[in-house]
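Thank you all for coming. Please have a look at the sequence and the structure before I start talking about them.

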Amino acid sequence: MADVGLLSSLRYLQHDSGAGHPESPDRLRAVAERLEEVGLARRLTNLQPVPHERSWVEAVHDPAYLRRVERACQAGERAIDSPDTCICPASYEIALLAVDGALTLVDAVVDGRIRRGFGLIRPPGHHAERDMALGFCLFNNVAIAARYAQKQHGLQRIAIVDWDVHHGNGTQHSFEQSPEVL
């Protein structure tokens with residue numbers, strides 16, 4: 001079994017949040033470059049996102065919200081729900097790919113292919129609420145991955161450690177009434 005898996009995709013760079021936006025493709029590039037510089041990249045097991053059923057996204061998000069995000073992206077809108085949650089025509093598909101990446105990591109850890117994983121994924125996902133984009137996040141990749149781990153793999157207790165400098169409100173709200181998720 002490999003020790004650490006690194007999941008990423010060049011397609012994540014297609015989510016364009018606009019010039020000067022702090023959540024940009026440069027974030028992923030900087031991490032990837034640093035992993036190369038310090039020699040860690042060659043020690044990681046590289047993983048690519050594998051498609052999963054969209055019903056997993058709906059386990060956390062309202063289906064009407066998914067349709068609204070898709071329409072906004074197709075219409076070429078530049079933001080959704082808050083001015084800091086920028087989108088482009090590719091954002092809906094790339095956000096779904098980010099969910100696929102999170103679920104692929106869960107599968108790889110639970111199946112024993114890797115002991116732990118790091119997702120170099122964007123757009124991020126811990127602020128998105130059930131029916132609202134927020135804080136750069138379209139879908140709550142974290143909450144979807146936790147729900148998937150519970151339902152698909154039968155994990156009964158899950159701890160989410162979020163070290164972002166901003167509170168992961170969407171993740172908290174997804175599990176406030178769930179004693180199985182800390």
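I will go through the sheet, then some helices and a hairpin, then the aromatic rings, and finally one histidine.

First, a word of caution: this is a predicted model, in which local features need pLDDT of at least 70 and side-chain atom pairs count only at pLDDT 80 or more, while totals for chains, interfaces and linings use all residues. Residues are numbered from 1 along each chain as its sequence is written, and side-chain values use heavy atoms, with hydrogens and water left out.

Let us begin with the sheet. Helices (H or I, at least four residues) and strands (E, at least two) are DSSP runs, numbered from the N terminus, and two strands pair if DSSP finds at least two bridges between them. In what order do the strands of the open sheet lie? The order of its 3 strands is S2-S1-S5, and the pairing is parallel. Strand S2 (45-47) and strand S5 (114-119) are at the edges with a single partner strand each, so one side of each has no neighbour in the sheet. From one strand to the next the twist averages 30°, where axes are lines fitted to C-alpha atoms, for helices over the stretch in contact, and angles run from 0 to 180 degrees between N-to-C directions.

Strand S1, which covers residues 2-7, pairs with S5 in the parallel sense over 5 bridges, and the bridge partner of Ala-2 in S5 is Ile-114. Helix H4 (residues 91-110) packs on this sheet and touches S1, S2 and S5, and its direction makes about 165° with that of S5; contact here means heavy atoms within 4.5 Å.

Now to helix H1, residues 25-37, which has 13 residues and reaches 18 Å from its first C-alpha to its last, close to the 18 Å expected at 1.5 Å a residue; the expected span is 1.5 Å times one less than the number of residues. Which residues of H1 are buried? They are Pro-25, Leu-28 and Leu-35, where buried means under 20% relative accessible area, exposed over 50%, and partly exposed in between (1.4 Å probe, protein chains only). Seen down the axis of H1, these buried residues fall within an arc of 95°, so they line one face of the helix; the arc is that of the directions from the helix axis to the C-beta atoms. Their cover includes S1. Just after H1, Gly-39 takes a positive phi of about 85°.

There is also a hairpin to look at. Strand S3 (residues 79-80) and strand S4 (residues 82-86) run antiparallel and are joined by 2 bridges, and Ile-80 has Ser-82 as its bridge partner in S4. With 1 residue between the strands, Asp-81 in this hairpin takes a positive phi near 70°.

Next come the aromatic rings. The structure holds 3 aromatic pairs, where rings of Phe, Tyr and Trp (its six-membered ring) pair if their centres lie within 6.5 Å, and planes under 30 degrees apart count as stacked, over 60 as edge-to-face and the rest as tilted. The rings of Trp-56 and Tyr-148 have centres 4.8 Å apart and planes at 90°, so this pair is edge-to-face. The pair links distant parts of the chain, since Trp-56 lies in helix H2 (residues 55-58) and Tyr-148 in helix H5 (residues 141-153), 92 residues apart. Both Trp-56 and Tyr-148 are buried. For Tyr-92 and Phe-139, the ring centres are 6.1 Å apart and the planes stand at 80°, so this pair, too, is edge-to-face. Ring pairs also link Tyr-65, Tyr-92 and Phe-139 into a cluster.

Returning to H5, its buried residues pack against H2, H4 and helix H6 (169-175). Just after H5, Gly-154 has a positive phi of about 75°.

Finally, is His-126 buried or exposed? His-126, in the loop between S5 and H5, is buried, with a relative accessible area of 7%. Leaving aside neighbours within four places in sequence, the contacts of His-126 include Cys-137, Asp-162, Asp-164 and His-166.
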